[in-house]
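This briefing is for a reader meeting the structure for the first time. It begins with the overall layout and then takes up particular places.

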Amino acid sequence: MTSLLYGDYGLACIVGQLKVMYINPYQKIVIVRVGRECQNMVASVLPFIANIESVPLIVKTVHVSGSIRQCRRHFTIYHNAQTRKMLCTATSVEERQNIVNSFNQSLTNLNEFYT
């Protein structure tokens, strides 16, 4: 899709700088790092992604940050809010425990990512 929208220059710019930094499949959150000069290209291409390896998905940009510190700060706030929503919809104690365990594991992984 990038090559259709931005040609060879856009594709080379994004492929050379795009890096997936963090993935949480339980809460369906991904942190992607890209250079500032390609940020607008990546942001405009993301809504056109309909599936990855035949898995349908909808990509939504939650936050754009200029530093890892601000990204971590926003992610922690967003992660807490999402976890609270998930706990409210949990129907059993076991499901609640799985959510809490996932939350704790995500924060551990996130701390490893930032250190």
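Helices here are DSSP runs of H or I with at least four residues, strands are runs of E with at least two, and both are numbered from the N terminus. The model is a predicted one. On that basis the protein has 4 helices and 4 strands, and their order along the sequence is α-β-β-α-β-β-α-α.

**Overall burial**

- The protein has 115 residues, and 23% of them are buried.

**The largest pocket**

- The largest pocket holds about 1700 Å³ of space.
- Its lining is made by 44 residues, and those closest to the centre of the pocket are Val 30, Ile 31, Val 32, Leu 46 and Val 59.
- Three helices are among the elements that give two or more residues to this lining: H1 (2–17), H2 (39–45) and H3 (68–89).
- The strands that do so are E1 (19–24), E2 (29–33) and E4 (55–56).
- H3 contributes 6 residues to the lining of the largest pocket, the most of any element.
- Sorted by class, the lining residues are 28 nonpolar, 12 polar and 4 charged.

**The nonpolar surface patch**

- At least two residues of the nonpolar patch come from E1, and at least two come from E2.

- Cys 71 is part of helix H3.
- Cys 71 counts as buried because its relative accessibility is 18%, and buried means under 20%.
- In sequence, Cys 71 and Ile 31 are 40 residues apart, while their C-alpha atoms are 8.6 Å apart in space.
- With a relative accessibility of 36%, Ile 68 counts as partly exposed.
- Ile 68 and Arg 33 are separated by 35 residues in sequence and by 9.1 Å in space, taken from C-alpha to C-alpha.

- Most residues other than glycine have a negative phi.
- Glu 53 is not a glycine, yet its phi is positive, at about 50°.
- Glu 53 sits in the loop between strand E3 (51–52) and E4.
- The relative accessibility of Glu 53 is 75%, so Glu 53 counts as exposed, a class that begins over 50%.
- Ser 54, also a residue other than glycine, has a positive phi near 65°.
- Ser 54 lies in the loop between E3 and E4.
- Ser 54 counts as exposed because its relative accessibility is 70%.

Technical notes:
Residues are numbered from 1 along each chain as its sequence is written. This is a predicted model: local features need pLDDT of at least 70, side-chain atom pairs count only at pLDDT 80 or more; totals for chains, interfaces and linings use all residues. Side-chain values use heavy atoms; hydrogens and water are left out. On a 1 Å grid over the protein atoms alone, a cavity is a set of points where a 1.4 Å probe fits but cannot get out, and a pocket is an open set with protein on both sides within 12 Å along at least five of seven lines; lining residues have an atom within 4 Å of a point. Grid points are joined across faces, edges and corners, and a volume is the space filled by probe spheres set on the points. Ala, Val, Leu, Ile, Met, Phe, Trp, Tyr, Cys and Pro count as nonpolar, Asp, Glu, Lys and Arg as charged, and the others, Gly among them, as polar. Buried means under 20% relative accessible area, exposed over 50%, partly exposed in between (1.4 Å probe, protein chains only).
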